[in-house]
Amino acid sequence: FQTIEDDVISIPMITDTGSGEVNSAIIVLNAVGGQYISDDPTGKRLIKQHDIIRVRLRDLTYGTADVAGTQRGEYIKFFNVVKKIPIKSKSEGVRLQIELLGIEKWLQGINYSKPHYFQSAGIVFEDICNLYNAKSHIV
C-alpha cells in the first residue's frame, strides 16, 4: 500500500451515512509530474479504478478527555475508486480528483434477510458470503 496524505489538497465532500446509503467521498490530490495518473519514477503508484483507499480523519478532540460519540474523534472508512478526473490549470498545476464510493456498495447487490441475534460480525459476514457463493455458483 502507499500513503497519499502528503499529496491531499482537499476533501470537498465526504459522507458518513448510517441509513443504508452508500458512503461517498471526493478527494483532490496534487499530481504534479503525472503522479497517481501514470507510472511515476518517484515511486508513487498509479491509482486505478476499483483501488481501495482508506480515509482516516481526526478532529480536534481525538486523544483528549473531551472525546464523545462512537468514533472517538476519528473517522476511518474504506472506499473504492469509481472515477478519476485529471485537472490541469495554469494557476494550480496538475491535480487528480478521485470520486469514491464506500465498499459497502458491494453488499447492496446481495438480497439477504435473516435475523442474527447475539451473533458476531464475523459469523454474520460468513453467512452472507456463503449465501452469495451459493447463488452465484462460486465454490
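Colleague: What order do the strands of the open sheet have?

Modeller: This is a predicted model, to start with. In it, an open sheet of 5 strands has the order 1-2-5-4-3. The pairing is antiparallel.

Colleague: Which are the edge strands?

Modeller: Strand 1, residues 8-14, and strand 3, residues 52-58. Each of these pairs on one side only.

Colleague: And what holds strands of a sheet together in general?

Modeller: Strands of a sheet pair through backbone hydrogen bonds. The pairing can be parallel or antiparallel.

Colleague: How many bridges join strand 1 to strand 2?

Modeller: There are 4 bridges. Strand 2 covers residues 24-30, and the two strands run antiparallel.

Colleague: Give me one pair to look at. What is the bridge partner of Ser10?

Modeller: Val28, in strand 2. Val28 also touches Gln97.

Colleague: Where is Gln97, then?

Modeller: Gln97 sits in strand 5.

Colleague: Is Gln97 buried or exposed?

Modeller: Buried. Its relative accessible area is 19%. Buried means under 20%, so Gln97 qualifies.

Colleague: New topic, the surface. Which residues make the nonpolar patch?

Modeller: Ile52, Ile76, Phe78, Ile103 and Trp106. The patch has an area of about 480 Å².

Colleague: Where is Trp106 found?

Modeller: In the loop between strand 5 and helix 1. Strand 5 is residues 93-102, and helix 1 is residues 121-136.

Colleague: Why does Trp106 count as partly exposed?

Modeller: Because its relative accessibility is 48%.

Colleague: Zoom out. What pattern does the protein chain follow along the sequence?

Modeller: The pattern is β-β-β-β-β-α. That is 5 strands and 1 helix.

Colleague: How much of the protein chain is buried?

Modeller: Buried residues make up 24% of its 139 residues.

Colleague: Last one, on contacts. Taking residues at least 6 apart in sequence, what share of contacts join residues at least 24 apart?

Modeller: The share is 48%.

Definitions and conventions
Residues numbered from 1 in each chain as written. Predicted model: local features only at pLDDT ≥ 70, side-chain atom pairs only at ≥ 80, totals over all residues. Heavy atoms only, no water. Pairing = 2+ DSSP bridges. Patch = residues over 30% accessible without salt bridge, like charges linked within 9 Å, V, L, I, M, F, W, Y side chains within 5 Å. Areas by Shrake-Rupley, 256 points an atom, 1.4 Å probe, with all protein chains shown as cover. Salt bridge = Lys/Arg side-chain N within 4 Å of Asp/Glu carboxyl O. Buried < 20%, exposed > 50% of the residue type's maximum accessible area, 1.4 Å probe, protein only. Contact = heavy atoms within 4.5 Å. Lists of a residue's contacts leave out its neighbours within four places in sequence.
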